[in-house]
Amino acid sequence: MNAVLIAVIVMVGLSLARVHVVLSLIIGALVGGLMAGLGVADSLNAFQEGIKNGAQIALSYAILGAFAMAIAHSGAPKLLADSLTARLNGAGATGAVKWALFGIIFVMAVFSQNLIPIHIAFIPLIVPPLLLLFNRLQVDRRLVACIITFGLVNTYMFIPYGFGDIFLNQIILKNVGDAGMDTTGASIMQIMMIPALGMLLGLMTAIFISYRKPRVYQNIQVQTSQEPDNTASDKPSTYRAVVALIAIVIAFVAHLYTDSLLIGSMAGFAVFMASGVVKWREADGVFNDGIKMMAMIGFIMISAQGFAEVMKATGQIDALVAGAMDIFGGNKGLAALVMLIIGLVVTLGIGSSFSTVPILAAIYVPLCMAMGFSMPATVVLIATAGVLGDAGSPASDSTLGPTMGLNIDGQHDHIKDTVIPTFVHYNIPLIVFGWIAAMVL
């Protein structure tokens with residue numbers, strides 16, 4: 001049996017058995033390396049090389065966390081949560097409030113990818129204060145996880161802006177071009193429209209069918225470490241909210257100008273300090289709290305990079321693809337389906353669609369060219385194969401982020417309430433609609 005496939009099965013199986021994701025990644029990587037004949041030493045060396053590659057990711061997440069904590073320190077998220085609470089307490093039409101909450105969380109998830117580059121850092125700031133509201137409305141938190149994950153994933157795979165620009169233009173089109181296929185004139189939004197509609201169908205299924213029934217949770221008051229302890233002079237105000245908005249805009253502009261989320265986040269944090277919203281004597285504390293908030297996600301992303309490096313070192317990703325190709329010969333429909341499924345397996349193990357694409361593109365582009373797939377069909381196959389598994393992987397930040405916010409009171413299980421619901425509602429439609437796109441483009 002293929003070593004990569006075994007490693008992914010081990011990693012996912014351990015995660016389902018409630019073994020910590022980092023340990024699951026390490027053990028899965030070692031098992032895969034040993035099965036491929038690398039030995040313990042070479043497997044660990046490959047894993048450590050991957051960790052080095054993940055250092056930039058960890059630093060970016062840390063700075064993003066600090067920027068997000070500064071936004072929290074400004075009191076803007078608390079103002080929003082307080083206004084929602086007041087509306088709920090004074091309104092009889094709780095259904096309208098429920099849909100307003102869904103809309104706000106959805107918009108924030110979308111903006112965190114394309115407009116305000118804080119990615120999942122908004123989740124622990126906004127979601128925990130709203131849990132008591134969700135409890136009162138008897139909202140199924142699995143639905144909230146699906147809404148957040150849709151905003152995180154669908155946006156970067158469809159809109160070429162912010163994280164979407166990185167994924168679609170700098171990773172997808174660049175790697176397809178480097179592998180030998182001309183992508184000049186590619187209209188990426190048109191290419192990715194069909195898979196994006198598939199995810200939208202999955203979201204509608206979650207909202208109106210799967211999780212529409214009420215679900216009861218216990219009301220547990222939790223003081224989160226993400227909620228700043230404001231002094232009397234630091235209470236939320238219009239000035240502080242305006243500064244937060246200015247910082248977000250400057251961070252966005254700096255990101256566009258430098259093409260660096262790291263620089264954008266630092267610029268935004270600097271605005272908070274210069275304006276006095278984050279006082280000089282408080283800067284270290286706010287910065288450290290932000291790093292702590294994102295530390296777990298950073299460790300998991302680093303471990304996922306190590307896992308990916310071991311998978312590449314086994315040399316059996318090519319064999320996994322080649323073995324699948326032998327099954328269908330010149331059947332394009334079967335080839336497209338197998339490529340999508342292999343992308344799902346690889347991304348489940350790595351936990352990052354951004355890390356999966358370079359691995360797949362080098363193998364898939366020559367195969368697609370040989371089998372007569374068009375450029376748009378090749379792009380949509382590789383992009384969808386990369387995205388597959390991002391929603392539904394235990395190691396993905398698109399599932400870890402929602403759990404981080406929804407499980408603050410211990411009533412939302414990562415695997416049962418985030419991973420499985422997002423896997424079912426998004427990966428199945430992505431396979432179906434990605435296959436359709438590859439056939440018609």
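Colleague: Which backbone oxygen lies 2.7 Å from a polar atom of the side chain of threonine 399?

Modeller: The one of serine 393. Bear in mind that this is a predicted model. The 2.7 Å separation is within the 3.5 Å limit for a polar contact.

Colleague: And what makes threonine 399 buried or exposed?

Modeller: Buried means under 20% relative accessible area, and threonine 399 comes out at 0%, so it counts as buried. The residue sits in helix 18 (residues 397–406). Beyond its close sequence neighbours (up to four places away), threonine 399 touches several residues, including Asp390, Pro394, His414 and Thr422.

Colleague: Why is serine 353 called buried?

Modeller: Because its relative accessible area is 1%, against a cut-off of under 20%. Serine 353 belongs to helix 16 (residues 353–371).

Colleague: Which residues is serine 353 in contact with, leaving aside neighbours within four places in sequence?

Modeller: Tyr156, Phe167, Thr347, Gly386, Val387 and Asp390. Take valine 387: it is 34 residues from serine 353 in sequence, but their C-alpha atoms are 5.1 Å apart.

Colleague: Which residues touch the most other members of the largest nonpolar core?

Modeller: Phe134, Met192 and Tyr364, out of 105 residues in that core. Helix 8 (residues 141–158) gives the most to this core, with twelve residues. Another core, of 22 residues, lies apart from it, with Phe67 and Phe269 among them.

Colleague: What does tyrosine 364 touch, not counting residues up to four places away in sequence?

Modeller: Val321, Met339, Ile342, Gly343, Ile382 and Ala385.

Notes:
Residues are numbered from 1 along each chain as its sequence is written. This is a predicted model: local features need pLDDT of at least 70, side-chain atom pairs count only at pLDDT 80 or more; totals for chains, interfaces and linings use all residues. Side-chain values use heavy atoms; hydrogens and water are left out. A nonpolar core is a set of buried Ala, Val, Leu, Ile, Met, Phe, Trp, Tyr and Cys residues joined through side-chain atoms within 4.5 Å. Buried means under 20% relative accessible area, exposed over 50%, partly exposed in between (1.4 Å probe, protein chains only). Helices (H or I, at least four residues) and strands (E, at least two) are DSSP runs, numbered from the N terminus. Contact means heavy atoms within 4.5 Å. A polar contact is a pair of N or O atoms within 3.5 Å; within protein, one must be able to donate a hydrogen and the other to accept it, and residues adjacent in sequence count only if both atoms are side-chain atoms.
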